[in-house]
Amino acid sequence: MSVRRVEIPILGMHCAACVARIEKKILSVKGVKSANVNLAASRATVEYDPSVTSVGSLKDAIVDIGYEVPEESEDNLGEDSVERQRKAQLNETRTWKKRFVISAFLTAPIVLGMTANLNLFGRFASDVVSNPWIQFMLATPVQFWAGRPFYKGAWSSLRHKTADMNTLIAVGSSAAYFYSAVAVVFPNWFNALHFGRPALYFDTSAVIITLILLGRMLESIARSRTSEAVRRLVGLKPIAARVVLGEGEVEIPIEQVKVGDILLVKPGERIPVDGIIVDGYSAVDESMLTGESLPVNKSVGDEVIGATLNIDGAFRFKAERVGRDTVLAQIVRMVEEAQGSKAPVQRMADVIAGYFVPAVVVVAVAAFFGWMIWGRQPALNYALTSFIAVLIVACPCALGLATPTAVMVGTGRGAELGILIKGGEVLERAHKVTMVVFDKTGTLTRGELSVTGIAAADGFDEDDVLKYAASAERMSEHPIGKALVEAARSRGLEILDTPNVFRAIAGRGVEAEIEGRKVLVGSRGLMDEFGVDIAGLAQSAEQFASEGWTSVYVSLDGSALGVAAVSDSLKDGGLDAVNDLRRMDIQIAMITGDSLITADAVARKVGIDLVFAETSPQNKAKVIAELQNEGQIVAMVGDGINDAPALRAADVGISVNNAVDIAKESAGIILLRKSLLVLRDGIIEGRKTFGNILKYIKMGSSSNFGNMLSMTGASIFLPFLPMLPIQILLNNFLYDLSQIAIPSDNVDKEYLLKSRPWNVSYIKKFMVVFGPVSSVFDFITFGVLWFIFGASEQLFHTGWFLESLCTQTLVIHIIRTGKLPFIDS
């Protein structure tokens, strides 16, 4: 049995519930072995048996549940494919933008109708915008055209016996719209209850839809920026290659390169594909791929990687991997796969909706039939009003708006601290981090070489060594040469005249003639090649090696002059940052492509015990996955292209400001300041923001659940509706208004000291327990008003309205702290 793998682009996904629904549908197709839906990349990766099913069947299954599948080539590295994906994402963004703009344009006059009595725009304008039929005509296209995606999503969820945010939006807006529509078309139905013209809530339904459309538009824009990382990676691939044919060479498009072709690479050119050197030698800058600062010496038999930069030598190599098989192509695929959907805070609202929405509908239906059977006349009017009131009192507006509001404050506060946070999904995971993994070069270190030690041979001093080394290297573009020249200048040493003879020996060093004297600067291999005895410098070189430094030998007229050490110096604040993170109960590790000796030397200086050294670009993401399998919530801090897959695979990807663009695009957090001390601030901000989001969800679920029970109970046992819908909406509005302060609210210090993963069962228990408990105050009020004061219908409405405001104020203060409200907090 053969198994084939295919990637299918998908449009229309918005949350984890979408991912789960599509995966479930694909897995139900006979012949499918596995399915992984990637929310960030808008793709599904499917393994299937081609003898049982086909790609067309898979696409049909996805379309069947309400999602779109644009046409696209299966080659996910091809530039045409990437461009098609970009255009599809732009089209989706434009669609959301169009719906939002038109919805906002139609909603504005409806909202202005609320100010009609103030005559802000003149009597005539006020009469027009407050006219029920005008509001009805304006609200209808908002509800059914602008809100069509929500109805479509809610219907899809209903067909598959689930509930998500689309269900919440559809239920909340429909309750307000249809109540108002019936009130306009059949106003006499409500006269008995409202003693005149019934109140309209078109503004409520229209504003809900408009604000959610704005959120979807911003979400689509963010997703298109996420895929920019893959487009930048593909852009590193050279467009042409120089193929050796006989005695000559021919330049051909890179797509035509085949395995086994002999290719020529000249200085300053990017290597087109992966292969093995068969002739020549050079130093290759792999920093764009590995993030490591030192060029790598390459000679016959060594492997070279496509898209890396050849510095100072020409060589020929045999193509070993081309197209989708190159290291660059593999990293592109790894980034796309690591972009898989992570559980955003929104998923919690979707899960709560799975329990909350069906409960609301059941209770509303029960209230309707309760009034129809036992209610006073006109029973239908009271039953219908009661049904709408229950839906309105449980309107889940706060659940849908909580996350973007808190994220706005959290990301804004982060920017002030020098931390660029890309969204709520990142903040959710940042608060749960249990381990931070640092890349070495450019993250813990500066990514810039400097001279860190000099040892002179007998008869010379350090200045002699540095003067001749810098004089020889003044013509060089090599990072080591630049470091030597900069060190000499910083000491105020005289750099001798331009060498009469200068030759860069690829992979070894340089040979120069200065004022008639022969100078060599380079590796131990260069000294051996020219017969220079460096035995007297062996002890110093060994000491440099133990510190993780690179030794550069210098000879003068065939005799050893000395040895200089170059290294990548540590960033300021690295040790303090590690200590701060440990105090927050976070474990620390380091990962690098450098040797174990160099890695251990750096790790010792910053107090890191767990080190992953000599780790290839392909394996960094695997290390992250292994740590996650051990139960760690991992934050990865990196700056190189090789870090991109690991940054995506990590629960939180963090990039420093001087990182390459790909690393910044792949990371969820970018540190804008040079000091690593802001890391602590970033994690605390994540914990603080998520703590406030939890307050939102607790308030939105438990209070609405409690109000729903109170409304239903009172509607069943009282001969009239306990509170008018307008009072319910005003109550909800004031309650939601009070929550505006929650995003910037303080969080108990004890909450910030350690990671606090959440689970849905805790939220469900809180809602089920706290909601009914809060209803106890309502029922006590009912008893006092009815049995003690014998309140009339109007007095009862006013009394419960005032008590409800006081109760919800108390609820807010209880939920916002784990301490005793008003006293300890």
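Reply: Two strands count as paired if DSSP finds at least two bridges between them, and strands (E, at least two residues) and helices (H or I, at least four) are DSSP runs numbered from the N terminus. This is a predicted model, in which local features need pLDDT of at least 70 and side-chain atom pairs count only at pLDDT 80 or more, while totals for chains, interfaces and linings use all residues. Residues are numbered from 1 along each chain as its sequence is written, and side-chain values use heavy atoms, with hydrogens and water left out.

Strand S8, residues 282–285, runs antiparallel to S11 and is joined to it by two bridges; within this pair, Val 284 faces Asn 310 of S11. The two strands belong to an open sheet of three strands, ordered S9-S8-S11 and paired antiparallel. Its edges are formed by S9 (296–298) and S11 (309–310), each of which pairs on one side only.

Across the whole chain, 31 helices and 25 strands are assigned. Of the 825 residues, 55% are buried (under 20% relative accessible area with a 1.4 Å probe and protein chains only; over 50% is exposed, in between partly exposed). Among contacts (heavy atoms within 4.5 Å) with a separation of 6 or more, 70% join residues 24 or more positions apart.

Leaving aside residues up to four places away in sequence, Ile 608 touches Phe 438, Leu 444, Val 578, Arg 582, Ile 588, Ala 589, Met 590 and Ala 603.

Thr 592 sits in the loop between strand S21 (587–591) and helix H23 (596–606), and it counts as buried because its relative accessibility is 0%. Its C-alpha atom is 5.8 Å from that of Thr 615, although the two residues are 23 residues apart along the chain.

The structure also has 14 aromatic pairs, where rings of Phe, Tyr and Trp (its six-membered ring) have centres within 6.5 Å, with planes under 30 degrees apart called stacked, over 60 edge-to-face and the rest tilted. Trp 96 and Phe 150 form a stacked pair, because their ring centres are 6.5 Å apart and their planes meet at 25 degrees. Since Trp 96 belongs to helix H3 (residues 79–112) and Phe 150 to helix H6 (residues 148–159), the pair ties together parts that are 54 residues apart in sequence. Both partners are buried, Trp 96 with a relative accessible area of 6% and Phe 150 at 1% relative accessibility. Ring pairs also link a cluster whose members include Trp 133, Phe 144 and Phe 202.

As for confidence, the mean pLDDT (the predictor's confidence in each residue, from 0 to 100) is 76, and 74% of the residues reach 70 or more. Over residues 73–80 the pLDDT stays under 50, with 21 contacts in the model beyond four places in sequence. Residues 338–344 are also below 50, and this stretch has 25 contacts beyond near neighbours in sequence. Where pLDDT is low, predicted coordinates should not be read in detail.
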